[in-house]
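Visitor: Please show me the structure, and then we can go through a few points of it.

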Amino acid sequence: MKVVKRISLFFALAGIMFSAGSYATLKAEQFFYPNKYGGAGNGTGVLYQDGENAKEQVIETAVESAPVITADTVYLIEEINLSDGTVQEKEEEIPVKYIGLDRQALLEELASYDSNPALSDLKLGFQNIELSSFSKDRVVICKYYRPEPEEEGFYLMVADHFVIVYEKDKKTIHTNTDIVLGSLSEDLQREIIRGKYIENEQELYNFLESYSS
């Protein structure tokens, strides 16, 4: 009977020592490797990511948060006439070369275009281009133009025996005069019948002053 009691006591002591050793080992690992156990000191037992993986995740998140242009981005062009202040807005398809660009990359593309614009824009009096608004949903580009002023010009023609001043299109009446065609020299009459061209306001004023009654 005494032998049985001694054996039981031996196994009980061994179990207690094993449990104490395991607990001490776990505490030692938690102390020296705190990142290995997500619940160190709190008993949660959730594993944390190691430092390198966590750093990569932060970088990936930052990259994804930066908006970029996609094929679904609304692309608006505002054409601003610097001569009269008018603004014309139109929506166009996003240029393929812009897809995937962030704001800084788009600014660089626009700077390149500003220094070497298309011939079609130059003919319209292109001055410069700038980015007005940027998001992944909507991009607004402003183009500034200063068109060359249209050349002045008038035509002297005849209607009901009187000299009439027409605009350059020969259709729009600019001024009705009291100059009778028959009161002019034959050479001048022939010119007016064909449509005599007057280059500008000053030349027109001089003619009217000379021949008006």
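Visitor: Is D160 buried or exposed?
Guide: This is a predicted model, where local features need pLDDT of at least 70, side-chain atom pairs count only at pLDDT 80 or more, and totals for chains, interfaces and linings use all residues. Residues are numbered from 1 along each chain as its sequence is written, and side-chain values use heavy atoms, with hydrogens and water left out. Buried means under 20% relative accessible area, exposed over 50%, and partly exposed in between (1.4 Å probe, protein chains only). D160 has 69% relative accessibility, so D160 counts as exposed.

Visitor: Where is H161 found?
Guide: Most residues other than glycine have a negative phi. H161 is not a glycine, yet its phi is positive, about 70 degrees. Helices (H or I, at least four residues) and strands (E, at least two) are DSSP runs numbered from the N terminus. H161 is in the loop between strand 5 and strand 6.

Visitor: Which strand gives the most to the lining of the largest pocket?
Guide: A pocket is an open set of points on a 1 Å grid over the protein atoms alone where a 1.4 Å probe fits, with protein on both sides within 12 Å along at least five of seven lines; lining residues have an atom within 4 Å of a point. Strand 1 (74–81), strand 2 (87–92), helix 3 (103–115) and strand 4 (138–145) each supply at least two lining residues. The one that gives the most, with three residues, is strand 1.
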